[in-house]
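Here is a short briefing for a first look at the structure below.

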Amino acid sequence: MTRYLLKRLGGALLVLLVLSVAIYALFYLAPGDPARLACGDRCSTAQVDQVRERLGLGEPVLAQYAHFLQGIFVGRDYSTGTALLHCDAPCLGFSYKNDQQVTQLILDRAPATLSLAVGAMAVWLIVGVGTGLLSALRRGGITERVLTVITLAATGTPVFILGLLLLMLVCAYLQWLPFPSYVALTDDPEQWAWNMLLPWLTLGFFESAKYARLTRSSTLETLAEDHIRTFRAYGVGERAIVGRHALRGALPPVIALNANDFGTVMGGAVLTETLFGIPGIGKTLVDAVRVVDLPVVVGVVLVTGTVVVLANVVADLLYAAADRRVALR
């Protein structure tokens, strides 16, 4: 297992290095002038030159990328035009539009996104895995047909449509809850939970359809294996077969999918955060794209990719723990 862990971590570091090169090249070396884009069309030539100097775009390409990596690992200095500002590692750049370090900006928004991701993950795992397992165990019956219809409805409904329907039904028509307004967990835990309930249900129900289909197919495949038939031949109870053997065999694909989805949501559930006014990473990315704040866009995309890669490493370890044969390959 130790060798498997080291191999996976080494692969993750290589992927992150390639990712950083791709992201930097995409945003700073693509056709067009990054300084002009960051400053805007109304800026004079002198103002564009000043922005170019602040961003360090006048240096050779390799030197620019080297300084970018230097900021991530040891920090770097940035010119604000009137003073020299030191950015501690991990430094993802400096947003001149927000007059704030990109790392601190992302850290300020991360708790809101984490709140959304953890709650939504709980919903999609409970609903998706539970629905898929029940559908597999009731194969061919009315229960499976009803659950299949619900799953197809969840798959075909865009997340913003589902969110709007929940807002109109729960908040406007039934008036069970006020319209959500984000409250930090540290400020008021009870209000935080009530205001996050609809975003959790929206994103969780939307994602749960994938888990229902995957769990159903994995469970049916596991139940058809020879060792399950052997257990039944020896008189082992159906509950023990499903709980101890079939479900465990069906979980590894769910673990892999969950890691990828959790990493993606942590990178910013743009539609959900925008719809419910959650000041998370996704909304920050949208705002940065709107005003062409390149350092923030690069920082958010790099953090998103890093979270996805690390989440998949954790998924591989959980996968290996569930199936020891994986670690021996």
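Helix α6 contributes the most to a nonpolar patch, with 3 residues. The model is predicted, so local features need pLDDT of at least 70 and side-chain atom pairs count only at pLDDT 80 or more, while totals for chains, interfaces and linings use all residues. Residues are numbered from 1 along each chain as its sequence is written, and side-chain values use heavy atoms, leaving out hydrogens and water.

**The nonpolar patch**
- The patch on the surface is formed by Ile126, Val127, Ile142, Val146, Ile150 and Phe205, with about 530 Å² of accessible area together.
- Two or more residues each come from α5 (102-137) and α6 (142-156).
- Patches take residues with over 30% relative accessible area and no salt bridge; like charges are joined within 9 Å, and nonpolar side chains (Val, Leu, Ile, Met, Phe, Trp, Tyr) within 5 Å.

**Asparagine 258**
- Asparagine 258 lies in helix α10 (residues 238-266); helices are DSSP runs (H or I, at least four residues), numbered from the N terminus.
- Its relative accessible area is 14%, so asparagine 258 is buried (under 20%, with a 1.4 Å probe and protein chains only).
- Its side chain makes a polar contact of 2.9 Å with that of tryptophan 124 (a pair of N or O atoms within 3.5 Å, where one must be able to donate a hydrogen and the other to accept it).

**Alanine 212**
- Alanine 212 belongs to helix α8 and is buried, at 7% relative accessible area.
- Its C-alpha atom is separated by 8.9 Å from that of threonine 148, 64 residues apart along the chain.

Technical notes. Areas by Shrake-Rupley, 256 points an atom, 1.4 Å probe, with all protein chains shown as cover. Salt bridge = Lys/Arg side-chain N within 4 Å of Asp/Glu carboxyl O. Buried < 20%, exposed > 50% of the residue type's maximum accessible area, 1.4 Å probe, protein only.
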